Amino acid sequence: MHMKHVVPALFVAAGALLFSGLALAEDRGIAPGGCVIVTDPDGNPQGQCPLEHTDVQVDIAGFLARVTLTQRFGNPFTEAIEAVYTFPMSDRAAVDSMTMKVGSRVITGLIKEREEAQRIYQQARDAGQRASLLDQERPNIFTQAVANIQPGETIEITISYVEYLKYEAGEYEFSFPMVVGPRYVPGGPQPLPVEPMDQDAGGVKSETFPRPIRRPVPVPQPQVPDAGRITPPVTPEGTRAGHDISLTVNLDAGLAIRDIESVQHEVQVDTESPSRAVVRLANRMEIPNRDFILKYRVAGEAIGDAVITHAGKQGGFVSLILQPPDRVTSDMITPKEIIFVIDSSGSMRGFPIEKAKQSMRMCIEGMNPHDTFNLVSFSGGLGYCFDRSVPNTRENRQKALDYLANLEGSGGTEMMPAIQAALSGQDDERVRIVCFMTDGFIGNDMAILDAIQRNAGTARVFAFGIGSSVNRFLIEGMARAGRGASEVITLESDGDKAAERFHERIQNPLLTDISIDFGGLDVYDVYPDPDAIPDLFSAQPLVLTGRYRRGGDGVITVRGETSSGAFEREVRVSLPATEPENDVVASLWARQHVQYLMEQDWLGIQQGRPDTSIKKAITETGLEFSLVTQFTSFVAVEERVVTEGGRPRTVQVPVEMPDGVSYEGVFGSQADSMSKSARLAPMAAAVPQSAAGSVEGVRMMERAKPEPPARQIQREPMPNRAPVAADKDESMSKLSVELRNLPANAADGRYADGALTVRNGMVEVFVELKELNEDTLKALKDLGAKIIAERRAAKMVHLSIRVSDLKKLAALEFVVSVKPPVF
């Protein structure tokens with residue numbers, strides 16, 4: 001533990017802070033292939049996970065993507081069930097369609113006010129009718145409930161949404177999230193009863209996987225009253241949830257496509273023409289434990305301006321995609337105050353925090369000579385490298401790098417004090433830049449966005465999401481609220497390149513002080529607000545979406561400032577009076593409108609007490625444009641009754657742990673006992689609820705802040721420090737030089753040198769494998785290794801093993817390399 005007073009890691013799938021006991025794999029129901037199964041109250045196996053498969057079809061044309069996902073639910077039990085599944089979708093998605101298919105019958109979902117949709121669904125469920133309900137919990141977290149699935153029956157739910165692609169520096173990006181990462185929920189400890197996820201559902205008991213885990217839903221806390229709805233159960237370590245995913249992208253770029261890259265998955269690419277391609281997951285039954293990220297370029301580096309219009313019964317809608325100016329490098333260097341903030345909580349343990357440290361190390365080393373800086377870490381509390389911002393000297397940079405090197409992932413994720421510390425006490429003579437690195441696995445994300453909006457002042461927030469399945473809603477929202485930029489750094493990403501882009505953005509933004517003159521065109525309700533358009537820090541297009549009252553031709557003028565002076569460009573626009581095509585522009589405008597409204601009351605929505613007028617406006621927009629929002633839901637009901645004599649049993653669908661995330665980091669030091677049927681005691685969050693959301697609360701934290709980690713780990717004195725003689729066989733070459741040269745008696749004691757630490761004869765290492773599957777994992781465990789985290793995308797594991805067994809580890813045929821746990 002690198003700080004005092006840091007609570008054990010307490011992200012837990014049941015929302016907040018605990019699980020009720022997990023059995024060993026041999027004691028729990030595990031289907032062939034490692035799939036968990038549901039048991040009855042007496043522990044008798046009943047069936048596998050009701051979600052069987054998700055199929056994703058993506059159609060990309062230009063800047064737009066239409067995504068259609070079909071979830072297939074089955075019932076392997078002998079009684080009717082209700083399946084409840086919490087899953088992610090893009091935080092930018094305009095979700096505008098849901099259907100339920102039973103056999104050959106298709107029931108179209110209707111958009112209703114959320115409370116009304118829930119009443120309709122619950123009444124149908126209790127009456128024995130098949131029904132489905134789609135709720136939004138966060139802009140990127142949704143809940144699908146399907147009631148009265150009959151034994152042996154299959155029901156398919158199809159959901160569709162549209163969104164803009166990302167574009168930067170000549171490269172398009174499409175991403176599809178596959179798993180909801182474990183959310184840390186701030187709040188005090190509570191003895192939690194076993195209750196269903198939806199306490200409004202009337203007290204139906206809910207089973208989870210395997211049977212010894214009965215999902216304890218947290219008593220709602222004032223900070224996150226809906227905690228139980230954003231924290232699905234995580235399948236126990238060593239098991240799989242049992243459902244898989246297939247994904248196909250039909251890409252029509254309009255220009256010749258080149259450089260197709262899938263960042264975290266192996267794919268099959270079929271080229272139909274120079275401008276058209278089909279991209280499929282190579283594994284048609286992929287485990288949904290990391291985001292799918294597709295990048296590609298087209299012929300010609302520059303993009304042109306685009307105007308997309310639709311005019312129908314709801315009025316006229318226009319989407320403007322305006323080309324950014326070329327970057328101009330300025331010789332003038334403006335001194336800045338840079339606050340580096342790194343998440344060192346339990347979910348960051350291992351792969352994620354090492355990737356964050358690699359990227360932040362380069363950010364620190366790339367500062368300008370006249371900058372000042374500080375380094376802050378947070379988990380259950382705050383840690384500071386310096387008492388205040390210090391000059392960028394070689395000595396101060398080294399202190400910061402030493403501080404950074406000693407950070408380990410552990411504890412909770414109390415982000416609010418870190419936000420307040422990063423934004424308070426700004427220097428009037430310097431622009432403050434906040435460089436924030438986190439996976440974003442928190443439940444109070446909307447409160448964080450509210451805090452940034454209220455306290456940013458003149459500071460700019462640059463948020464980096466670290467990991468395979470980050471909370472993009474929070475990461476991108478932090479950058480918007482802090483008028484900065486965001487980037488996701490996966491475990492496969494080049495951290496050095498990300499650091500270079502960070503410094504390029506803050507030193508030479510493309511366009512600032514942006515204004516739009518619509519030249520007399522009758523355009524209104526434009527997003528982002530033309531009077532508050534964020535600066536362009538990267539080579540990204542300026543995307544504006546608005547409405548217009550009547551057609552007409554005109555010239556839109558874009559003005560701003562570049563490093564070389566004033567910028568102005570005119571774009572000719574024709575707004576038709578009637579245009580039946582491109583109706584998705586209306587959905588995209590409505591999605592932007594809802595986002596704008598939510599930004600006016602993040603805290604109220606977070607606490608379940610939204611402003612009445614805001615809620616009304618969001619609800620009306622959702623109903624008018626048939627969109628799922630925080631206050632509107634899709635519901636579908638089949639008329640006929642299929643279940644007699646009572647309500648179906650509720651089965652909660654478990655989710656995978658995100659790729660590269662450590663069970664030990666998430667569940668703390670009690671992770672081992674989870675797999676041994678031990679019960680976890682409730683664990684408290686570190687920050688009092690009364691202090692978490694206030695500046696005074698942060699001051700309280702600062703006064704009682706924990707001491708920072710030691711500046712540098714020292715080698716402990718040992719006799720007989722002669723290096724172990726390297727074997728001549730080929731397997732020894734798999735061990736890094738540091739591991740081959742461990743002192744002879746490190747196997748029985750303690751040793752520390754840089755990233756390599758031996759405690760009680762155990763050492764943590766990153767191991768690259770030829771194949772990562774159940775057989776190789778079993779062989780590692782048989783050797784005595786403790787698996788800390790898996791990276792399926794890279795065929796790599798983070799494990800702890802006795803120093804004396806390193807040679808045996810290297811001798812395994814499927815092991816490619818073994819190195820200290822650092823990128």
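A residue is called buried when its relative accessible area is under 20%, exposed when that area is over 50%, and partly exposed in between. Because R792 has a relative accessibility of 16%, this residue counts as buried. Please keep in mind throughout that the model is predicted.

**Salt bridges**

E774 has a relative accessible area of 36%, so it is partly exposed.

In total, the count comes to 56 salt bridges. Among them is the one between R66 and D96, with 2.8 Å between the closest N and O atoms. R66 is in strand β5 and D96 is in strand β7, so this pair ties together parts that are 30 residues apart in sequence. R66 counts as partly exposed because its relative accessibility is 24%, whereas D96, at 17%, counts as buried.

R454 and D450 form a salt bridge whose closest N and O atoms are 2.7 Å apart. Both residues lie in helix α5 (residues 445–455), 4 residues apart, which is about one turn of the helix. Are the two partners buried or partly exposed? R454, at 48% relative accessibility, counts as partly exposed, while D450, at 11%, counts as buried.

| Pair | Closest N and O atoms |
|---|---|
| R66 and D96 | 2.8 Å |
| R454 and D450 | 2.7 Å |

**An open sheet**

Now let us turn to the strands. Which strands make up the open sheet, and in what order? The sheet has 8 strands, arranged β8-β7-β12-β5-β4-β16-β19-β18, with mixed pairing. At the edges stand β8 (105–108) and β18 (267–273); each has a single partner strand, so one side of each is left without a neighbour in the sheet. From one strand to the next, the twist averages 15°.

Within this sheet, strands β4 (residues 51–61) and β16 (residues 244–252) run parallel and are joined by 9 bridges. To find a spot on this pairing, look for V56, which stands opposite L247 in β16.

**A closer look at T643**

T643 is found in the loop between β35 (632–641) and β36 (649–652). Is this residue buried or exposed? Its relative accessible area is 11%, so T643 is buried.

What does T643 touch, leaving aside its neighbours within four places in sequence? The residues in contact with T643 are A80, A127, G128, N148 and Q150. With N148 there is also a polar contact: the two side chains are joined at 2.8 Å.

Definitions and conventions: Residues are numbered from 1 along each chain as its sequence is written. This is a predicted model: local features need pLDDT of at least 70, side-chain atom pairs count only at pLDDT 80 or more; totals for chains, interfaces and linings use all residues. Side-chain values use heavy atoms; hydrogens and water are left out. Helices (H or I, at least four residues) and strands (E, at least two) are DSSP runs, numbered from the N terminus. Buried means under 20% relative accessible area, exposed over 50%, partly exposed in between (1.4 Å probe, protein chains only). A polar contact is a pair of N or O atoms within 3.5 Å; within protein, one must be able to donate a hydrogen and the other to accept it, and residues adjacent in sequence count only if both atoms are side-chain atoms. Contact means heavy atoms within 4.5 Å. Two strands pair if DSSP finds at least two bridges between them. Axes are lines fitted to C-alpha atoms, for helices over the stretch in contact, and angles run from 0 to 180 degrees between N-to-C directions. A salt bridge is a side-chain nitrogen of Lys or Arg within 4 Å of a carboxyl oxygen of Asp or Glu.
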